[in-house]
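Trainee: I should like to go through this structure with you, one topic at a time. May we begin with its overall composition?

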Amino acid sequence: MTAKTMEELVSLCKRRGFLFQSNDIYGGIKGLYDYGPMGVEFKNNLKQAWWKSMVYERDDTEGLDASILSSPVVLKHSGHEDTFTDPLVDCRACKSRWRADQLLENNKCPNCNSEDLTEPRPFNLMFKTAIGPVDDGSSFAYLRPETCQQIFTNFKNILDSTSRTVPFGIAQMGKAFRNEITPRNFIFRVREFEQMELEFFVKPGTDDEWHEYWINKRIEWWVNQGIKKENLKKIEVEKNELAHYSKRTVDINYVFPHGEEELEGVANRTDFDLGSHTKNQNDFKITSEVMKNSSSTTKLAVQDLEENKWYIPYVIEPSAGVDRGVLALLNEAYREENVDKDNKRILLSLKPHLSPIKAAVIPLKKNNEELVNLSKEIKSNLQKLGLGRVVLENSGNIGKNYRRHDEIGTPICLTVDFETLEAKSVTVRDRDTMKQERVSIENLSEYYKKYFN
Ligand code: ATP
């Protein structure tokens with residue numbers, strides 16, 4: 001069962017410290033959210049799982065963490081300055097602004113139902129900022145609208161420093177910024193978000209096969225994170241809706257609480273980007289028409305040793321949104337259950353590797369020195385195993401602690417009681433089954449490692 005409504009998720013996220021409206025005490029800014037104590041752990045765990053599968057578990061990829069501020073030249077060559085726009089419509093009656101494709105039927109304003117609307121005009125989604133101390137408009141940068149352009153501009157650096165050969169990929173996670181006309185649906189459409197992108201470089205002619213490979217691989221990964229396969233849909237993007245760089249794109253859609261929308265896109269970007277950033281274009285046949293007079297001095301190409309010629313690799317790009325992943329996984333994990341005939345509980349049945357807190361150690365009696373000291377020692381030993389955050393809960397209210405940890409998705413709670421002092425064992429309570437078992441302190445590390453691996 002997933003959450004019934006977005007409101008339920010929003011309420012849980014605020015109550016338990018996953019997400020807060022950004023700049024809240026001054027009224028907030030639309031389209032910006034802050035990750036709280038639980039949110040930051042959860043988001044980091046999701047990113048770590050992606051990095052593990054994209055970099056550590058493969059033998060054909062490298063990682064990168066490039067700058068967010070991007071030269072306008074890069075984004076000119078990538079096509080973003082000219083084409084990264086949404087159609088903007090003004091309502092003359094209530095002065096609200098909308099994306100043309102989000103109007104009500106019969107082209108009415110979603111706010112006041114008026115039909116008195118302007119013609120759609122292109123609105124560029126990139127944020128600009130001044131570079132250096134003199135803000136005279138002559139020196140500016142964009143906040144990157146996608147993480148991948150710096151992967152392309154670093155293509156040669158990475159080739160030269162790692163001696164990789166095609167096929168190989170470069171992975172990057174990090175912030176991206178889009179001045180969305182109508183941010184909405186909680187963290188689904190925001191103005192500052194994170195992406196997890198892999199650019200996988202292949203020989204032209206092998207691109208269709210690699211594209212299929214990555215579509216399937218990415219669906220498999222989301223299922224491994226806890227999304228039910230039936231809630232993921234493979235959607236072929238219509239030819240007339242393809243981004244300017246794409247030969248074919250398949251969206252992986254998820255059934256969010258507000259409806260089915262894109263969670264990740266897997267695009268065949270051809271040689272568009274590397275081609276556009278390359279100066280010595282006479283050497284190759286390039287599909288890209290964007291920049292014939294590139295000012296880049298670098299040849300972003302590789303040598304085909306068999307045929308003894310240079311070529312520009314094609315790129316397959318699985319591009320996932322971290323925030324949309326967080327929303328989808330919270331929705332999947334949300335449960336409401338009857339504990340008995342009078343009591344209900346909410347729990348997040350997250351996969352243990354994603355849970356913000358891995359274990360809570362709870363002394364039965366608050367401030368009892370013996371119990372608390374032993375709890376601290378157990379907490380510290382588990383923390384040293386390096387599997388994620390472990391917390392000590394010294395509030396003395398076991399029931400309240402169980403409820404809180406169910407709601408934030410902590411897989412196990414360890415209670416340290418008076419029996420612990422004598423029998424040298426703790427009670428371990430499982431989040432999903434609520435079953436309890438006693439585990440000896442001596443075996444606790446082994447038990448814990450086994451549980452999380
Ligand atoms: P949409 O059609 O929903 O605007 P898009 O096709 O423009 O998305 P891409 O450019 O393919 O998105 O970006 C890759 C991924 O980045 C998306 O699948 C999504 O998960 C994430 N993403 C894009 N825009 C936003 C946003 N405004 N807020 C949150 N995540 C976003």
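Trainee: How many helices and strands are in the chain?
Mentor: This is a predicted model, and its C-alpha atoms fill a box of roughly 80 × 65 × 50 Å along the principal axes. The count of secondary-structure elements in the chain is 13 helices and 24 strands.

Trainee: What share of the contacts in the chain with a separation of 6 or more comes from residues 24 or more positions apart?
Mentor: The chain has 453 residues, of which 51% count as buried. Among contacts with a separation of 6 or more, the share from residues 24 or more positions apart is 64%.

Trainee: Are helices H1 and H9 roughly parallel or roughly perpendicular to each other?
Mentor: H1 covers residues 6–15 and H9 covers residues 322–333. They pack at an angle of about 100 degrees, with their axes 11 Å apart. Angles of 65 to 115 degrees count as roughly perpendicular. The relation of H1 to H9 is therefore roughly perpendicular.

Trainee: Which residues make that contact, and how many of them are nonpolar?
Mentor: H1 contributes Met-6, Leu-9 and Cys-13, while H9 contributes Leu-327, Leu-330 and Asn-331. By class, the contact has no charged residues and one polar residue, and its nonpolar residues number five.

Trainee: How many disulfides does the count come to?
Mentor: A disulfide is a covalent bond between the sulfur atoms of two cysteines. The cut-off for counting a pair is 2.5 Å between the sulfur atoms. Cys-112 has its closest cysteine sulfur in Cys-91, at 3.7 Å, which is too far for a bond. By this rule, the number of disulfides is zero.

Trainee: Is Cys-413 buried or exposed?
Mentor: Cys-413 is in no disulfide, and the nearest cysteine sulfur, that of Cys-13, lies 19 Å away. Residues under 20% relative accessible area count as buried. Because its relative accessibility is 2%, Cys-413 counts as buried.

Trainee: And what relative accessible area does Cys-112 have?
Mentor: Cys-112 falls in the partly exposed class. Its relative accessible area is 33%.

Trainee: How far apart are the end C-alpha atoms of helix H7?
Mentor: H7 runs over residues 207–225, which makes 19 residues. At 1.5 Å a residue, H7 should span 27 Å. The separation of its end C-alpha atoms agrees with this, at 27 Å.

Trainee: Which residue follows H7?
Mentor: The buried residues of H7 include Trp-210, Trp-214, Trp-221, Trp-222 and Gln-225. After H7 comes a residue with a positive phi, near 120 degrees, namely Gly-226.

Definitions and conventions: Residues are numbered from 1 along each chain as its sequence is written. This is a predicted model: local features need pLDDT of at least 70, side-chain atom pairs count only at pLDDT 80 or more; totals for chains, interfaces and linings use all residues. Side-chain values use heavy atoms; hydrogens and water are left out. Axes are lines fitted to C-alpha atoms, for helices over the stretch in contact, and angles run from 0 to 180 degrees between N-to-C directions. Helices (H or I, at least four residues) and strands (E, at least two) are DSSP runs, numbered from the N terminus. Angles under 35 degrees count as roughly parallel, over 145 as roughly antiparallel, 65 to 115 as roughly perpendicular and the rest as oblique. Contact means heavy atoms within 4.5 Å. Ala, Val, Leu, Ile, Met, Phe, Trp, Tyr, Cys and Pro count as nonpolar, Asp, Glu, Lys and Arg as charged, and the others, Gly among them, as polar. Buried means under 20% relative accessible area, exposed over 50%, partly exposed in between (1.4 Å probe, protein chains only). The expected span of a helix is 1.5 Å times one less than its number of residues.
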